Structures are given as structure tokens and as C-alpha cells.
Amino acid sequence: MATAQAKAGRREWIGLAVLVMVTLIISMDMTVLSYALPFITADLEPTSSQLLWITDVYAFVLAGLLIPMGTLGDRIGRRRLLMIGAAVFGAASVATALSTSPGMLIGTRAVMGAAGATLMPSTMSLIRNMFHDENERRAAIGMWAAGFSAGGVIGLVAGGALLQYFSWGTVFEINVPIMLLLLILAPLLLPEFRNPAAGRLDLLSTVLAFVAVLPMIWGIKQFAEDGMTWPPVAGVLAGLLFLTVFVLRQRRLADPVIDVRLFRAPAFSAAVVMNVLANFALVGFMFFISQYLQLVLGLRPFTAGLWSLPAAGAAGVGAAVLAPMLAQRFRRAYVAAGGLLVGAAGCLVLAQVGDDSGLAMVVVGQALMTGGIAMVLTLSAELIVSTAPPERAGAAAGLSETGSQFGAALGVAILGSIGTYVYRQQLSGGAPEGVPADSWATARETLGGAVEESRTLSATAADTLVTLARAAFADELRVAALAAAGILVVTAVLAAVLLRNVGASVPGQVPSGGPAGADDTPAVDPDAAAPDGAGAGGDPATHAAQAASGGHLDTGSPVVRIGPESTTPPARPAHPVA
């Protein structure tokens with residue numbers, strides 16, 4: 001049963017719309033580049049290595065900095081970090097759109113990734129602070145997850161539409177007005193929260209987190225490109241080594257970047273596992289769908305994006321409607337396992353597509369897969385931020401997003417490697433009549449290469465080459481769909497087992513009227529003048545008194561008090577698993 005907590009007001013719900021809008025843009029930026037790459041290649045003429053970095057550097061830097069930035073938000077203020085990130089993200093978007101060389105584009109995309117890492121944990125952790133009622137928070141996280149899931153598909157549609165009429169830089173310039181709007185609305189709608197009891201930020205831990213995540217994700221993605229070669233193996237091993245050092249250091253610190261004791265809670269561990277494996281299947285398989293729609297069925301980018309809109313709608317319904325509704329009535333184990341099985345059913349539908357038809361199956365299968373997985377991502381995000389102590393919500397949110405990125409990279413690498421093997425096996429024979437050996441060798445690498453090579457051949461040879469390549473890619477997609485279905489079924493079993501003792505309410509919740517200080521204390525602006533030197537790191541009781549006396553600080557900035565007011569000085573919340 002959900003505990004009785006103070007209800008959110010109009011300000012919190014409008015503020016949620018702002019946070020969802022930011023999440024939508026971040027998600028869009030992960031996919032919008034896919035349609036722009038041919039235009040960027042023609043304009044900037046990058047090498048194959050540079051093209052790889054243009055594609056991946058955003059996700060690499062984003063993943064590497066999510067945990068440190070989440071922890072930084074807990075210390076300096078989550079709204080403040082969100083606004084800093086928005087300003088940098090907008091400026092970097094303009095610089096990216098105006099890039100005149102591959103090196104400049106790689107650099108500006110890296111800055112966008114760093115700024116994006118400040119935005120994602122801030123949005124999720126602010127939801128944890130703004131919505132104290134369990135059912136309202138579940139619904140809010142559902143809307144947040146729906147925005148993130150839909151953003152990827154909307155990015156494909158928006159990118160396809162813009163590229164038909166404008167230059168490739170416009171796919172980045174659309175970020176600017178959203179970031180400007182955020183800078184205007186955030187101080188008006190979003191409360192500031194931070195952990196007044198947080199210690200110093202451990203810079204060594206920040207570096208260790210970055211160097212642990214970055215080489216592992218790079219290595220996993222390289223497996224899909226180069227197979228089992230030494231550079232990616234060395235990258236993964238180096239990442240695991242730094243991860244071990246990072247974990248050992250966190251266990252010794254009084255104020256760690258990530259409190260590893262959180263993993264003692266079965267609900268927290270299960271949520272992280274679900275998050276990684278669900279993104280493994282979802283993102284890893286989306287790589288095939290976009291190519292199938294464009295290169296096999298021959299749809300234009302904008303048209304392909306439109307046919308993906310049902311999947312975006314299904315993701316919104318699954319995340320914002322079904323997950324919150326079902327989680328109120330049934331145990332999390334049943335809801336999570338059910339969503340994963342629906343996603344697996346969608347993969348099985350996708351496994352039935354052909355090499356010359358299959359649009360209906362793609363639409364239905366993609367909708368089932370994204371709708372089911374979106375339910376699970378909502379539940380996992382809610383469990384992660386709700387099980388963690390409120391003062392560590394930013395770090396927990398960063399861990400959640402890092403898991404998403406890690407699962408996505410793992411899915412692209414493993415499913416991509418499986419698909420590449422199947423594709424090359426289907427084209428393992430000699431070159432067909434009329435097709436030069438060089439063209440056949442290129443065609444055996446990728447379907448895109450086969451389509452490009454066909455344009456240099458006679459009509460008969462081109463038709464033969466494209467027909468064989470499309471049939472091989474259809475086989476590749478079907479095998480990848482079956483593999484993704486298997487992963488989702490295994491994840492469903494894990495969810496049912498690991499969450500079997502978790503009821504309909506979130507473990508670790510503090511009931512209404514519970515210990516004082518169970519909720520975060522609204523943060524004081526560290527730049528504000530305060531009597532007796534009380535500032536950002538002052539007495540928490542001072543913060544509570546300021547919030548209670550009229551709801552305004554000395555600076556004139558309104559402070560929103562969410563949840564029941566305490567009559568005793570706030571204390572640092574007890575760890576839920578200590």
C-alpha cells in the first residue's frame with residue numbers, strides 16, 4: 001500500500017513538463033545524427049576513424065560523466081547543475097552546427113556529451129525531490145521515461161524532415177530554443193535541492209568513474225566493428241580494472257560518489273540489472289530497424305520516421321500509463337516480468353519479416369517491443385531513485401543512466417556482431433555474374449555498402465547485388481530479433497525472482513509522519529548572504545527555518561517546501577540498507 005504523502009501542486013507538474021522536455025531533447029540527439037551522417041560525410045569528408053568518433057563521442061562522454069555529474073548535483077544543487085548544463089549544451093549545439101572540420105565536430109559533440117551528462121541525472125533526481133507521494137512519483141517517472149523513449153523516434157522524424165529542406169547543422173540547432181526556454185523556466189518552476197550534509201567531491205573517484213566506464217563502452221562497441229581483437233579486449237579489461245579500484249575506494253570513503261551498500265537492497269540490484277538488459281535489447285535491435293526500413297524497404301528517412309511513430313506512442317502508453325497503473329495493483333515482479341514478455345513477443349513478431357515486405361510486422365513488432373520495455377524502464381528508474389536515500393538521488397540517477405548507456409552499447413556490440421556474422425555468412429560465396437570482386441567485397445561488409453556499390457554497376461548486376469544483400473540483411477534481422485527475445489525472456493525470469501519480495505509500494509519509503517529529515521532540505525543559494533556566515537554549507541536547521549518562515553530566503557528567491565514540514569531539525573536520513 002502506498003504511504004500517505006503530501007501531494008504535488010501545479011508548480012511541480014508544470015516543472016515536470018520542463019524536465020520531460022529536456023529529456024526528450026537529450027534522447028533525440030542520440031538518434032538525430034544517424035540521418036545526417038551522409039550529409040556530414042559529403043560536406044566535411046571525414047576519414048573512417050573520424051566518422052566513428054563523430055558518431056560515438058557524444059555517447060562515450062555522456063556515459064563516462066553521468067555518475068560524477070549526478071554526485072556533483074547532489075553537492076552544488078540539482079537545479080543549478082541543470083541550468084549550467086543547459087547553457088553549455090545550447091552553446092555546444094550552435095558550435096556543432098557551424099563545424100567546418102571533422103576535428104571541430106568531434107570536439108563540439110564531446111562538449112555536448114559532457115553537458116548532456118549534467119542534464120539527465122538532474123532531471124531524474126529533481127523528480128525524486130518534487131514528488132513525495134509514491135503514486136505521483138511513479139506517474140512522474142513514467143512521463144519522464146515516456147519522453148526519453150519517444151525522443152529517439154521523434155529525433156528520427158525531425159531529422160528526416162529537416163534534412164529534406166535544410167542543411168545538416170539544423171538537426172543540432174533545434175536544441176537551442178529548448179535550452180533557452182529551460183534557462184527561463186527553471187528558476188520559476190523548479191525548486192533547488194542539494195545535500196547539505198555532503199562532504200567534499202572526491203576528484204580521484206570522479207576520474208576513476210570516467211576511466212572505468214569510457215574504455216569499457218568503447219571496447220564493447222569496437223567488438224561490433226572489428227571483432228575480438230586486442231584493442232577492444234584491452235579497453236574492456238582496463239575498464240574492469242579501474243572499476244574494481246573505484247568500488248574499493250567507494251567502500252572506504254565517508255562520502256562516496258556511489259554508495260555501494262545500495263546494492264545490498266534486492267530491489268535496487270534488480271532495477272539496475274533490468275535497466276541494463278532492457279536497454280541491451282531495445283537499443284541494440286533499433287540499430288537493425290532503421291536500416292531495414294530505409295535500405296531494405298526503400299523508405300525515405302522522413303517516411304521511415306513516420307512509420308516509427310506508433311512505437312513512440314506505445315512507449316508513451318507503456319511508460320506513463322500502464323506502468324504506474326499496474327504497479328499500484330500488482331507486485332513489481334509481475335508487472336516487470338509482464339512488460340519484458342510483451343517486449344519479447346514484439347521481437348518474435350519482428351523475426352517474421354521478409355526481405356521484400358514486412359512493414360506491418362515491423363510497425364506492430366516495434367510497438368510491442370518498445371511499449372513493453374518502456375514499462376520496465378519506468379519501474380527500474382523508480383526503484384533506483386526511490387530506494388536510494390534522498391540526499392544521494394543524483395548519484396543514483398547517474399548510475400541508472402550509466403546502466404542505460406552501458407546496456408545500449410552492449411546491445412549494439414553483441415547483437416551487431418551476431419548480425420554481422422549472419423550477414424557475411426549469407427554472402428560467403430563468390431561474386432555473382434557481372435559483379436566485380438571489389439564491389440562484392442564491399443557489399444559483404446554492410447548493406448549500406450552494397451547499396452552504394454550498386455549505383456556503380458549495370459542495372460542487371462545492381463539488381464542482383466541489392467537483392468542478395470537485402471535477403472542477407474533480412475536473415476540478419478531475424479536472428480537478432482530472436483536473440484533479443486531470448487535476452488528479454490531471461491530478464492523477465494530474473495525480474496520475477498529478484499523482485500518477488502517487493503510489494504506494490506517502494507521499499508525504503510519513509511511513511512508520512514516518520515523520522516524528521518526524511519526528505520531533502522531545500523538548498524540555500526551559496527552566493528546568498530546569510531547572517532553569521534550561514535551559507536550553502538550552513539546549519540540544516542537554518543535552512544528549514546528559512547523555508548518555514550514565509551517560504552522565502554534572504555535573497556528573495558522562492559523556496560518550495562514539498563512534503564510535511566518537520567518541527568525538529570533535519571537529520572541525515574538513515575541508509576535504507578544499513
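Helix H5 supplies the largest share of the lining of the largest cavity, four residues. The model is predicted, so local features need pLDDT of at least 70 and side-chain atom pairs count only at pLDDT 80 or more, while totals for chains, interfaces and linings use all residues. Residues are numbered from 1 along each chain as its sequence is written, and side-chain values use heavy atoms, with hydrogens and water left out. Helices are DSSP runs of H or I with at least four residues, numbered from the N terminus.

**Cavities**

- Two cavities of 30 Å³ or more are counted; a cavity is a set of points, on a 1 Å grid over the protein atoms alone, where a 1.4 Å probe fits but cannot get out.
- The largest cavity holds about 100 Å³ of space, a volume being the space filled by probe spheres set on the grid points, which are joined across faces, edges and corners.
- Its lining has 13 residues, and Trp144, Asn275, Leu377, Glu401 and Ser404 are the closest to the centre of the largest cavity; lining residues have an atom within 4 Å of a point.
- Two or more lining residues of the largest cavity come from each of helix H5 (134-165), helix H10 (266-296), helix H14 (359-387) and helix H15 (393-426).
- The lining of the largest cavity divides into six nonpolar, six polar and one charged residue. In this division Ala, Val, Leu, Ile, Met, Phe, Trp, Tyr, Cys and Pro count as nonpolar, Asp, Glu, Lys and Arg as charged, and the others, Gly among them, as polar.

**Second largest pocket**

- The second largest pocket has a volume of about 450 Å³; a pocket is an open set of points with protein on both sides within 12 Å along at least five of seven lines.
- It is lined by 19 residues, with Ile67, Leu243, Phe263, Leu399 and Thr402 nearest the centre of the second largest pocket.
- Helix H8 (203-226), helix H9 (230-252), H10 and H15 each give at least two residues to this lining, and H8 gives the most, with five residues.
- By class, the lining of the second largest pocket has 17 nonpolar, two polar and no charged residues.

**Salt bridges**

- Three salt bridges are counted, each being a side-chain nitrogen of Lys or Arg within 4 Å of a carboxyl oxygen of Asp or Glu.
- Arg332 and Glu382 are joined by a salt bridge at 3.2 Å, N to O. Arg332 is in helix H13 (residues 332-350) and Glu382 in helix H14, so this pair ties together parts that are 50 residues apart in sequence.
- Arg332 is buried at 1% relative accessible area, and Glu382 is buried at 0%; buried means under 20%, exposed over 50%, and partly exposed in between (1.4 Å probe, protein chains only).
- Glu452 and Arg455 form a salt bridge at 2.7 Å, N to O. Glu452 is partly exposed at 47%, and Arg455 is exposed at 61%.
- The closest N and O atoms of Arg478 and Asp475 are 2.1 Å apart in their salt bridge. Arg478 and Asp475 are three residues apart in helix H18, and therefore separated by about one helical turn; Arg478 is partly exposed at 23%.

**Nonpolar surface patch**

- Val273, Leu341, Val489, Val490, Val493, Leu494, Val497 and Leu498 make a nonpolar surface patch of about 600 Å².
- Patches are made of residues with over 30% relative accessible area and no salt bridge, and nonpolar side chains (Val, Leu, Ile, Met, Phe, Trp, Tyr) are joined within 5 Å, like charges within 9 Å. Accessible areas come from the Shrake-Rupley method with a 1.4 Å probe, and for residues only the protein chains shown count as cover.
- Helix H18 (residues 459-498) gives the most to the nonpolar patch, with six residues.
- Val497 is placed in helix H18 and is partly exposed at 43% relative accessibility.

**Single residues**

- Most residues other than glycine have a negative phi. Glu45, which is not a glycine, has a positive phi of about 50 degrees.
- Glu45 sits in the loop between helix H1 (10-44) and helix H2 (48-76), and is exposed at 64% relative accessibility.
- Met21 is in helix H1 and is buried at 18% relative accessibility. The C-alpha atoms of Met21 and Gly151 are separated by 9.3 Å, although the two residues are 130 residues apart along the chain.
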